[in-house]
Amino acid sequence: MPKTSKKTYFDELWLKDERLGQWLQQVPKDRTCFRCKLCSKVLSVEAIKSHESNAKHRGLAAVAFAAAPIQSFLQPSTLSSALGESQSHASSSTTELSITATSAASNLGVFNDDARTRAEILWVLKIIDSNYSFNSSECVPLLLQSMFPDSEVAKNFSCSESKARYMATFGLAPYLLELLMDKVKDDCFVLLFDESLNIKVQQKQLDIYLRFWNGNEVQSRYFTSIFMGHARAVDIEEDLKKGIESLQKANLLQLSMDGPNVNWKVFEDLQSEIQLENGKNLLNVGSCGLHVIHGAFRSAMSETGWDIETLLTSAYRLFKDSPARREDFSSISTNHLFPLKFVVHRWVENVRVLERFLEVLPDLRKYTLFVMEKKLSDPHNKSFDTVKGGCQDLLAEPKLNFALTLAKQQSLLHNSKRTQLSKVDLRDRSHHKQVDLGFSAEMYLQSAEFRKMKISDKDVLGIRISAKAALITFTEKVLEKSPMRYPLARSISCLDPHFIAQSPDACKTMLTRMLKSLVDAKRLQGSVCDEILQQFEHFMRSVLSSELLQFKPGQDRLDIFLHDKMCTPYPKLWMAVRMALLLSHGQATIERGFSVNKKVVIENQQTKNLIARRLIKDHIIQAGGILQVSITKQMMISVRSARSRYSQYLADKKECEVKERAHMKRKAELDAIEELRMKTKRLKSDIDALHISVKKYAEKCETTGDLTYIAKSNSLRRTADEKEEELKKVNEELDAKIEKYKQ
């Protein structure tokens, strides 16, 4: 064991020590440090003793040497050839195998560092792709060495928890961000944003995505996240500008968002700013259409007054996390199914929830009946009372079936005259027909079972009236907020291959309207529009209808299809089509990102690490898996520079903390000075008031001859003298603090 001294240097004899030699390693060209092979750390030689007693080190050593050591897999003859002159320093108590293995470890030949870096990058990618914690890197280097004793990569693999973290945050993430920005910086792009609550961080997380052309296809990629407290329009606008400050704002083509008023205020403010700076306008095709449909459906169901939302939610909560109730329900159920979770803000996606509820409704009625007859225990909660009320409603089936029919309808407004629908007065009864509740609901109302219930025609008419009100409300909400209101959104349908094949004249008219929108937004010169229309006519004549009809919307990509057909032969036309295809019509990509956020977030996670994980995860998904990620020389250089970036980050952070502490100290000194000044002012005011009172009582004594006034006057004079003495001390303290502050 080395002795403590002012200057201690590494001694090669330590490597032959039976205890130290198992984990100790010499650092090349630095005799003042050592490297621990178990912990993958480089420390000063003075710390050998303390490091050996470290709890974490002892734990790793226990794992490492519990099984057969790595040296037992090595050939002694091979190792002996690498001994060289180091054998002369071996002590007599050290075994030959220990000497051989230690010397071999310290005399490794030339090793390909790229192979090790590649392996470490793949491991970090695996951590992030599988949503592992960085702590999962503990013991991995040792494990790989044990698994692959003959692998040079495994022997040199070094990726501890801290290294994996800074490799991801300061190596891979900056490289991938720069790669993404290179694709966007000189081209048009669409900005997508949405915020959600990050429960772990307890802040709102504003995710920003970019939509841009990459080769022959449009991609939507995660860019960054901003964390905030308030989400007012001014806050969101400032954070958005901060997030894309490295990009050219003039290339921003569209702002894709959902439909709250605060987002529209952000759109208007950003639109005004871009127009003032560059003379251009943002293209507008409305907010996310899916959000509009969900909101319209919810408003329609609320208009009926049936409160289906509460019924479905209560049915799920009644049996959630309650084994006893689930057992009671299963004992009387015929199919052993339970209600599914109802999502309030995803009405149209609750088709399966409605179907399941209708399926288990007979069993729910039986369950509530048994509870009321005291054959089963009473839950005694609000959810049961709501479910019981719903089960007692004899018209529950037609109501639920109508909601199911409406939710299943793919496009209530899909017809050739959709642009004229907005001109119809939906409240005008002359346009109303008998309301169709849907096949299942109508069949139930005509069934013998329903007739036996002897429900009045008035009650049935009430359902039809409520259903009509729901349909009117749904249609009004869709027409009020849907993309149908925007000419650009309607005219883009001229790029539908099937529509081009079937109605070329109508497509040309729509393309003219689309070009007008682009010219009005200063995104296209009006002088090229005639040539664009000519090229479009030539395109429709030259491309066979059979080729256009072969396009399958559910399988083929429209951007790739039109790129292959238009890009080279029709460059002017492609210039306009390229912008139209870049427009975003929904928030599906960014909504899916919220699910990714929930998987990658952990307790006490720094926001910088979370953003890095999201960037890397998005790149892996885009590449098609870990093994499809291209590990280039530039990526490896960035990863190797991660340690220096991390050190600089820590230094900058420490410097900021020092400055912050100094600032807080100066602020505290200023506050103390201000407090003393206020105290001086108060004392002076009190002294002046006391002197006035002293004079007043003395005058009263002279006029009345009452000696009590002179006693009061003397008492106040003494108080004034005490306060003057206190004022003197305060002034001295104030002068001292001011002098100290000036230094």
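Mentor: Start with K667. Its relative accessibility is 41%, so K667 counts as partly exposed. K667 forms a salt bridge with D671, and the closest N and O atoms are 3.5 Å apart. D671 is partly exposed too, with a relative accessible area of 43%. Both residues belong to helix α31, which covers residues 642-704. They are four residues apart there, so about one helical turn separates them. Keep in mind that this is a predicted model.

Why can such a pair form? Side chains of opposite charge can pair when their charged atoms come close.

Now go to helix α5. R116 and E120 are also four residues apart, so about one helical turn lies between them. R116 forms a salt bridge with E120, with the closest N and O atoms 3.9 Å apart. The cut-off for a salt bridge is 4 Å. R116 is partly exposed, at 24% relative accessibility. E120 is at 3%, so E120 counts as buried; the limit for buried is under 20%.

K249 and E277 give another kind of pair. K249 forms a salt bridge with E277, and the closest N and O atoms are 3.8 Å apart. At 47% relative accessibility, E277 is partly exposed.

Some bridges share partners. D113, D114, R116, E120, K163, K633 and R640 are joined in this way into one network. The count for the protein comes to 38 salt bridges.

Stay with α5 and follow the chain onward. Helix α5 spans 113-129, and a loop lies between it and α6 (140-147). N131 is in that loop. Its phi is near 60 degrees, a positive value in a residue other than glycine. Most residues other than glycine have a negative phi. N131 is partly exposed, with a relative accessible area of 26%. C139 sits in the loop between α5 and α6 as well. Phi of C139 is near 70 degrees, again positive in a residue other than glycine. C139 has a relative accessible area of 30%, so C139 is partly exposed.

Positive phi values turn up in two hairpins as well. Strand β1 (residues 24-26) and strand β2 (residues 33-36) run antiparallel and are joined by three bridges. Q26 has F34 in β2 as its bridge partner. Six residues lie between these strands, and K29 in this hairpin takes a positive phi near 65 degrees. β2 also pairs with strand β3 (residues 41-44), in the antiparallel sense, over four bridges. C36 stands opposite K41 in β3. Four residues lie between the strands of this hairpin, and S40 takes a positive phi near 55 degrees.

Next, the wider fold. The protein has 32 helices and seven strands. Of its 743 residues, 42% count as buried. The largest nonpolar core has 84 residues, and L524, F539 and L573 touch the most other members. Helix α27 gives the largest share of this core, eight residues. Look at L524. Leaving aside neighbours within four places in sequence, L524 is in contact with L515, L518, V519, C529, I532, M575, A576 and M579. Apart from this core lies another, of 50 residues, with L311, F342, L376 and I463 among them.

Two totals complete the picture. Among contacts with a separation of 6 or more, residues 24 or more positions apart account for 66%. The protein exposes about 41000 Å², and carbon and sulfur atoms supply 52% of that.

Last, check the confidence. The mean pLDDT is 84, and 88% of the residues reach 70 or more. Where pLDDT is low, the predicted coordinates should not be read in detail.

Technical notes: Residues are numbered from 1 along each chain as its sequence is written. This is a predicted model: local features need pLDDT of at least 70, side-chain atom pairs count only at pLDDT 80 or more; totals for chains, interfaces and linings use all residues. Side-chain values use heavy atoms; hydrogens and water are left out. Buried means under 20% relative accessible area, exposed over 50%, partly exposed in between (1.4 Å probe, protein chains only). pLDDT is the predictor's confidence in each residue, from 0 to 100. A nonpolar core is a set of buried Ala, Val, Leu, Ile, Met, Phe, Trp, Tyr and Cys residues joined through side-chain atoms within 4.5 Å. Contact means heavy atoms within 4.5 Å. Accessible areas come from the Shrake-Rupley method with a 1.4 Å probe; for residues, only the protein chains shown count as cover. A salt bridge is a side-chain nitrogen of Lys or Arg within 4 Å of a carboxyl oxygen of Asp or Glu. Two strands pair if DSSP finds at least two bridges between them.
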